[in-house]
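Here's a quick briefing to read alongside the structure. Have the viewer open and click along as you go.

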Amino acid sequence: MSQIASQRTGQSLPVLIIGAGPVGLSLALALSRQQIPVQLFEALPALSSEARASTFHPPTLEMFDEWGIIAPVLAQGHKVTQVTYWERESWQCLGVFDYALIAGDTPYPYRLQLPQCEVTRIIKPFVEQSAYGQVFMGYRLISFADKGDKVEATFETPAGRKTFQGCYLCAADGAKSIVRKQLGVAFEGLTYPDRFMLAATDLNLRAIFPELGQVNYIFDPEEWVIILHLPDVVRIVFQIGPMEDEDVVTRPTAVCARIHRFIGQKIPFTLHQTSLYAVHQRVVDRFHLGRVLLAGDAAHLNNPAGGMGMNSGIHDAYLLANALASVLSGGDEAALAAYACTRRDKARFYIQRHTHENYGAMVLHDPDARRRRNEKYRQMAADPVKAREFLLQASMLDERI
Ligand SMILES: Cc1cc2nc3c(=O)[nH]c(=O)nc-3n(C[C@H](O)[C@H](O)[C@H](O)COP(=O)(O)OP(=O)(O)OC[C@H]3O[C@@H](n4cnc5c(N)ncnc54)[C@H](O)[C@@H]3O)c2cc1C
């Protein structure tokens, strides 16, 4: 299948995108909608079925609207209009924050819960149906070369090794990015001692805790818990300490016992899926080198408390698509440097800060610090002005890109 040249830019070489996760697919969609030819390569034979991210914040939904995919995304997702904070030890509700307070700030005043693997399945056909988009499944990037006026990328494919040429190469190949490794750029930061364990269940937790909200952050220094109501399942996220053995804690019997301990009752339920993740805070040194650009988890990682990692990766894709469209239409190359600088600053000074603060609030040990935290949440929730400010920040609306 040959790639058509862009009528808009006259450019015949496509933008090569590595990785069909939410970020690579968003970038491919955004570029193809601007009539920029793209070729997207995914190592797996089919889209990943890992649930991982499930929270989509309002600015991301606004981008989906611009890209023409908001209707199917909303149709499949679960709209959450309140988020609730608790302290586990005392089972005190510290505050309920209602998204009605930000109804004047966005057309999408809620967080949408939908597994990222459902959203990638929505986006891919839109890319493939565009005259400008091609998706190659089962193509694993093994090396690339920046030739100055173009890039060459070599893949292991079901039909053997193949090389493609492009005008730029965009790495959206996730946390273990081979592109980042081959560039040799630093990826500094930290790895948390705790891990996050996701358990997808059919438990009706609101029958047990009637005051439970749709999304709940339950603070505890020993074992915090996050409860998220998704379209078909209830997802429970547990803190797993550094001394706990991965193979032991993820056994279905151990997961069920942990859930029974948490709810204080031995009621039967179905455990659909369990997965355990190490979590990091890292930002790459450079998002842009020559004809190579990084986006999403390839460029920055953060802990999932607050659900900002994938959202910020999709925001990278939005800005990068606009920068590439501008450069490929004859605009100044500086647009790419501006992309790199803006998104690196956003990752370092906004996403990392807020996710680290979110995590810090969940694990506070010191009794005085916990009292101060609880009071702060109570006061914010009770004051509509403060609650709105809090929701704007939690929704990533306070610093729109
Ligand atoms: C437990 C957990 C919960 C989370 N919850 C949220 C949340 O609610 N909200 C949120 O915003 N974020 C959340 N995140 C973060 C989110 O999952 C990631 O930020 C997101 O998946 C990043 O998307 P990506 O497209 O950059 O990378 P990925 O989703 O990792 O996709 C990368 C793709 O590249 C492919 N690939 C890799 N190497 C190659 C290669 N050599 N050649 C070709 N293809 C390749 C991979 O197969 C993969 O399909 C969560 C993370 C975890 C661990």
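**Around the ligand**

Helix 1 (22-33), strand 2, strand 9 (140-146), strand 13 (187-201) and helix 9 (309-328) each bring at least two residues to the shell around the ligand. Keep in mind that this is a predicted model.

- In total, 36 residues surround the ligand, and the closest are Gly19, Gly21, Gly174, Gly296 and Gly309.
- Which element gives the largest share of the shell? That's helix 9, with 4 residues.
- By residue type, the shell splits into 18 nonpolar, 13 polar and 5 charged.

- Strand 1 (residues 15-18) runs parallel to strand 2 (residues 38-42), with 4 bridges between them. Look for leucine 16 opposite glutamine 39 of strand 2, and for isoleucine 17, whose bridge partner in strand 2 is leucine 40.
- Strand 1 also pairs with strand 12, again in parallel, through 4 bridges. Here isoleucine 17 stands opposite cysteine 170 of strand 12.
- Strand 12 in turn pairs in the parallel sense with strand 19 (residues 292-294) over 3 bridges. Leucine 169 has valine 292 as its bridge partner in strand 19.

**How enclosed are those strands?**

- Strand 2 has 5 of its 5 residues buried, so the rest of the structure largely encloses it. Val38, Leu40 and Glu42 point one way, Gln39 and Phe41 point the other way, and all are buried.
- Strand 12 (residues 168-171) is covered on both faces. Tyr168 and Cys170 sit on one side, Leu169 and Ala171 on the other, and all of them are buried.

**A closer look at leucine 294**

- You'll find leucine 294 in strand 19. Is leucine 294 buried or exposed? It counts as buried because 31 other C-beta atoms lie within 10 Å.
- Leaving out residues up to four places away in sequence, leucine 294 touches Ala171, Val179, Arg180, Val284, Phe287 and Ala299.
- Leucine 294 and proline 45 are 249 residues apart along the chain, and their C-alpha atoms are separated by 23 Å.

- Strand 17 (residues 271-284) and strand 20 run antiparallel and are joined by 2 bridges. If you want a pair to click on, arginine 282 has leucine 301 as its bridge partner in strand 20.

**Helix 12 and its buried side**

- Which residues of helix 12 (residues 384-394) are buried? They are Arg388, Phe390, Leu391 and Ala394. These residues cover an arc of only 160° around the axis, so they're on the same side of helix 12.
- As a reminder, an α-helix has 3.6 residues a turn, so residues three or four places apart point the same way.
- The buried residues of helix 12 pack against strand 6 (92-98) and helix 11 (367-382).
- Following helix 12 comes methionine 396, which has a positive phi, near 65°.

**Alanine 317, back in helix 9**

- Alanine 317 belongs to helix 9. It counts as buried because it has 28 C-beta neighbours inside 10 Å.
- Setting aside residues up to four places away in sequence, alanine 317 touches Val23, Ser26, Leu27, Ala30 and Ala295.
- From alanine 317 to valine 283 is 16 Å in space, C-alpha to C-alpha, with the two 34 residues apart in sequence.

Methods. Residues numbered from 1 in each chain as written. Predicted model: local features only at pLDDT ≥ 70, side-chain atom pairs only at ≥ 80, totals over all residues. Buried ≥ 20, exposed ≤ 12 C-beta atoms within 10 Å, placed from the backbone. Arc of directions from axis to C-beta. Contact = placed C-beta atoms within 7 Å. Pairing = 2+ DSSP bridges. Near = placed C-beta within 6 Å. Nonpolar A, V, L, I, M, F, W, Y, C, P; charged D, E, K, R; others polar.
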